[in-house]
Amino acid sequence: MDFIPVNEPLLNGNEKKYLCECIDTGWISSEGPFVKQFEEKMSATAGRKYGIAVANGTAALEVAMQAIGIEEGDEVIMPSFTIISCAMAVTKLGAKPVLIDSDPDTWNMNVEEIEAKITTRTKAILVVHLYGLPVEMDKVLELAEKYHLKVVEDAAEMHGQTYKGRPCGSFGDISTFSFYPNKHITTGEGGMVVTDDEELAEKCQMIRNLCFRKDVRYVHDMISDNYRFTNLQAAVGLAQLERLDEFIAKKRKMGRFYTERLSDIKGIRLPVPTTDYADNIYWVYGIVLEPERNLTNREITKLLADEGIGTRTFFWCMHEQPVYKKVGLFAGETYPNAEYLARRGFYIPSGLALTEEQMERVVIQIRRMMKKINGSC
Ligand SMILES: *Cc1c(COP(=O)(O)O)cnc(C)c1O
């Protein structure tokens, strides 16, 4: 039987039409007209005034951190359980990530732990909404105001999600998105920084493009990188954005489908469907193995692959990254909930092109697998 990939994007809208337009008109670089259109539409979707499209979501975080002025010696509070792009955007500038443990149910950072980590060096809080539910923003914003901290919001997994009715990507000083193929909206590779602050937006535009001085080209007061986003990427993005509501509805339906069919299985924890402030949009459908099951996510990922089901393990914690340990970062620190998720969490096929028939097969294999596992403990 065919292997079911962990993710397959849906590209059957206007993607091809808009791409052909790029070829026919010759506009394929970052100078093309779709880039601005995509920036305007995407930033409006996120409830922001300005959007600056960049090469990918990692680049978006780097641009955002540089734009808000993070520099050597600064501290940025963020979850340990996240993708390395978040920590890298901080360490590349010579600043230090200060880590927070996870909430075991929502898998987001536990906002109750933030205040104790604030020092005179703290410059910003990096909020990362993970897997489908937003971080509890009220608490974060309250602390940011009290201690005069910047807030950067990584909304890479949250296109179309809201917190208490307000769009994710609209909180704090600056927010970032990714358009990698496993996100709700894809451009192949791609990302965006969004903000309401005109000055920050201008800074981002400059940082995106090698920090050319505004008045004279090829003269630079600062250094950044080439983070530009092409008209080809924007063409795909515009077609994708036309279907955002439909995509979110489909993701929620997929989430309900899995939850209904997996919730009676012992030994696993499923995503929280709803909280006081949001309904899950299931960026991916995550599953966490209970402690008494003597099995890691790496093992179950292999077993399911043998049965034709593509899965991925959860993120690996920042404080356990060899690259950071090597330079003495996070020495002796432990974050038990984050470590648990990193070892026992995995996600199952969740892409927008997934069919009900494929999902049925995924369910059957997981039931079988867990029956065996539960029988042996
Ligand atoms: C995907 C993702 C990123 C990185 O985006 P890329 O486009 O892959 O560079 C950053 N943060 C989060 C939370 C993500 O899920």
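A polar side-chain atom of Thr58 lies 2.5 Å from an oxygen atom of the ligand, a polar contact being a pair of N or O atoms within 3.5 Å. This is a predicted model, in which local features need pLDDT of at least 70 and side-chain atom pairs count only at pLDDT 80 or more, while totals for chains, interfaces and linings use all residues. Residues are numbered from 1 along each chain as its sequence is written, and side-chain values use heavy atoms, with hydrogens and water left out.

| Residue | Protein atom | Distance |
|---|---|---|
| Gly57 | backbone N or O | 2.7 Å |
| Thr58 | polar side-chain atom | 2.5 Å |
| Lys183 | polar side-chain atom | 2.6 Å |

Taken alone, the ligand exposes 380 Å², of which the protein buries 91%, with accessible areas from the Shrake-Rupley method and a 1.4 Å probe.

Seven strands form an open sheet with mixed pairing, in the order β1-β9-β8-β5-β4-β2-β3; strands are DSSP runs of E with at least two residues, and helices are runs of H or I with at least four, and two strands pair if DSSP finds at least two bridges between them. Because β1 (50–54) and β3 (96–100) stand at the edges with a single partner strand each, one side of each is left without a neighbour in the sheet.

Strands β8 (residues 174–178) and β9 (residues 191–195) pair in the antiparallel sense over four bridges, and Ser175 has Val194 in β9 as its bridge partner.

Conventions. A polar contact is a pair of N or O atoms within 3.5 Å; within protein, one must be able to donate a hydrogen and the other to accept it, and residues adjacent in sequence count only if both atoms are side-chain atoms.
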